[in-house]
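The sequence and structure are shown first.

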Amino acid sequence: HWSRICERLKAEVGEVEYRTWLRQITVGPVEEDEITLYLPTRFLRDWVRGQYGDRLGTLWNAEVPAIRRVELQVARPTADAAQAAPEEAPATPSARTAPSGKSAPRPAVAPVAEEPRPAEVRTDLAAPLDQRFTFDTFVVGKPNEFAYACARRVAEQPSSPGFNPLFLYGGVGLGKTHLMHSIGAELVREGRVSVAYMSAEKFMYRFIAAIRSQSTMEFKEQLRSVDVLMIDDLQFLIGKDNTQEEFFHTFNALVDAGRQIVVSADKSPSDLSGLEDRLRTRLGCGMVADIHATTFELRISILEAKATASGVVVPAKVLEFLAHKITSNVRELEGALNRLIAHANLFGRPVTLEATQDVLHDILKAHDRRVTIEEIQRKVAEHWNIRLTDMSSARRARAVARPRQVAMYLAKQLTSRSLPEIGRKFGNRDHTTVIHAVSRVTGLMAEDPAFAEDVELLRRMLES
Ligand code: ADP
Ligand code: MG
């Protein structure tokens with residue numbers, strides 16, 4: 001019965017959830033209409049009871065109609081399982097475990113409990129690692145190479161001086177979580193240490209749950225028993241003073257004991273206003289690594305890597321188009337590419353630029369922000385280091401006139417404004433001045449590759 005129930009549970013909750021929470025269940029005796037199930041720790045028992053208690057009851061009842069209730073208890077069912085479980089949970093078999101008569105079945109070990117436990121990831125405590133996020137699948141470029149190198153270093157040599165804590169920060173969707181999971185995956189692969197990864201939100205949730213169930217000591221001990229603790233999106237703790245306090249103590253206890261901490265946030269420690277000063281200070285004490293916004297080059301590399309991995313042929317033209325259009329973050333870029341790939345697979349059609357524009361219509365629209373003439377003027381003035389007012393001034397010195405012509409040229413290229421409209425925005429100049437500027441810039445670009453490159457660069461910046 002139990003193995004059938006296990007199969008159903010696995011199908012319902014997925015392999016990861018199943019392995020994390022349910023695999024450690026062993027079956028105890030049936031008494032009247034009640035079956036007892038054992039879990040190795042109180043923590044696991046409470047979790048399973050809260051999350052799956054009702055479902056377990058229903059499934060048992062469907063298998064064995066006489067069973068109407070499921071009792072969950074803490075116990076170490078076998079020597080093997082006891083070894084696998086790291087917690088010092090007291091073996092407290094209830095009175096019911098002792099067979100009171102021949103009718104009580106002996107506790108049977110669930111078939112799944114004999115598989116080796118993925119012992120090094122503390123899934124009892126933290127979230128399981130996402131298998132897709134490894135160093136191998138992380139594409140390195142200028143904006144993230146420092147953070148990547150730091151992460152690698154920590155994975156190779158946790159708790160090395162200068163790298164503890166490792167504080168990763170950067171905007172949303174730029175790879176912080178990916179790097180943290182990579183550290184975990186690497187350490188687990190090496191099989192040397194116990195790793196716990198969780199979001200700050202989960203940390204808070206666990207902490208509050210522990211207070212409610214009066215098991216804060218257990219929670220603290222679990223946290224303090226890991227070799228590497230990774231907390232993602234720490235900004236979540238802003239304004240959550242009690243949880244911050246708890247994290248601060250955990251942090252200190254671990255670092256003092258020579259354990260490694262990895263933390264991520266959307267801002268640098270000094271910019272995380274709303275976090276306690278002493279916590280911010282300690283967070284900044286190790287290595288602080290910034291993940292910058294992606295560049296066009298990095299976006300192309302990421303798209304190439306992901307397209308190759310998918311096995312679908314995506315023409316370079318399409319990759320370039322996406323890298324130009326979707327500049328916000330890697331997550332969105334990935335989402336767009338995934339959709340293209342799904343379409344190609346579903347309909348068996350090749351990926352083309354036309355198909356891309358069609359399939360990603362909604363995404364592209366959201367990213368298709370119209371460039372304004374003011375923006376063009378500002379960027380161009382910045383680029384050649386002239387004053388913005390000179391875009392509309394009467395000055396004719398070449399140092400000013402040339403950038404002004406470029407701005408007119410780009411306004412013609414990148415906006416749908418008419419020549420007279422453009423002229424007006426440049427100090428009420430005549431439309432023939434704009435025509436002249438466009439042909440002048442076109443000519444110069446043909447003659448002077450360095451100049452052409454400058455203009456192209458500006459165009460790219462404005463388009464993204
Ligand atoms: P963050 O935690 O910074 O918000 P994530 O780590 O969740 O961002 O990254 C968002 C998505 O983009 C993930 O699917 C991740 O695998 C992918 N990603 C981000 N950076 C890279 C990179 N350099 N190489 C490959 N994939 C990346
Ligand atoms: Mg993240």
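A nitrogen atom of ligand 1 lies 3.0 Å from an N or O atom in the side chain of Lys-306. The model is a predicted one, and the distances reported here are computed from it. Two further side chains approach oxygen atoms of the ligand: an N or O atom of the His-178 side chain is 2.7 Å from an oxygen atom of ligand 1, and for the side chain of Lys-176 the corresponding distance to a ligand oxygen atom is 2.8 Å.

On its own, ligand 1 has 550 Å² of accessible area, and the protein covers 94% of that area.

## The shell around the ligand

At the level of domains, at least three shell residues come from domain 2 (135-291), and at least three from domain 3 (296-367).

Around ligand 1 there are 18 residues, of which Val-139, Gly-173, Thr-177, His-178 and Glu-334 come nearest. Sorted by class, the shell consists of seven nonpolar, seven polar and four charged residues.

## Packing of helices H7 and H8

Helix H7 (residues 200-212) packs with helix H8 (residues 216-224) at an angle of about 145 degrees, and the two axes are 7 Å apart. On the H7 side, the contact is made by Phe-203, Arg-206, Phe-207, Ala-210 and Ile-211, which meet Thr-216, Phe-219 and Leu-223 of H8. By class, this contact of H7 with H8 comprises six nonpolar residues, one polar residue and one charged residue.

The loop between helix H5 (145-156) and strand E4 (166-170) contains Pro-165. The peptide bond that joins Asn-164 to Pro-165 is cis, with omega at about 0 degrees.

Ser-159 is also found in the loop between H5 and E4. Phi of Ser-159 is near 65 degrees, a positive value in a residue that is not glycine.

Key: Residues are numbered from 1 along each chain as its sequence is written. Chains are lettered from A and ligands numbered from 1 in the order in which they are written. This is a predicted model: local features need pLDDT of at least 70, side-chain atom pairs count only at pLDDT 80 or more; totals for chains, interfaces and linings use all residues. Side-chain values use heavy atoms; hydrogens and water are left out. A residue is near a molecule or strand if one of its heavy atoms lies within 4 Å of it. A polar contact is a pair of N or O atoms within 3.5 Å; within protein, one must be able to donate a hydrogen and the other to accept it, and residues adjacent in sequence count only if both atoms are side-chain atoms. Accessible areas come from the Shrake-Rupley method with a 1.4 Å probe; for residues, only the protein chains shown count as cover. Ala, Val, Leu, Ile, Met, Phe, Trp, Tyr, Cys and Pro count as nonpolar, Asp, Glu, Lys and Arg as charged, and the others, Gly among them, as polar. Domain bounds come from an automatic or database domain assignment. Axes are lines fitted to C-alpha atoms, for helices over the stretch in contact, and angles run from 0 to 180 degrees between N-to-C directions. Helices (H or I, at least four residues) and strands (E, at least two) are DSSP runs, numbered from the N terminus. Contact means heavy atoms within 4.5 Å.
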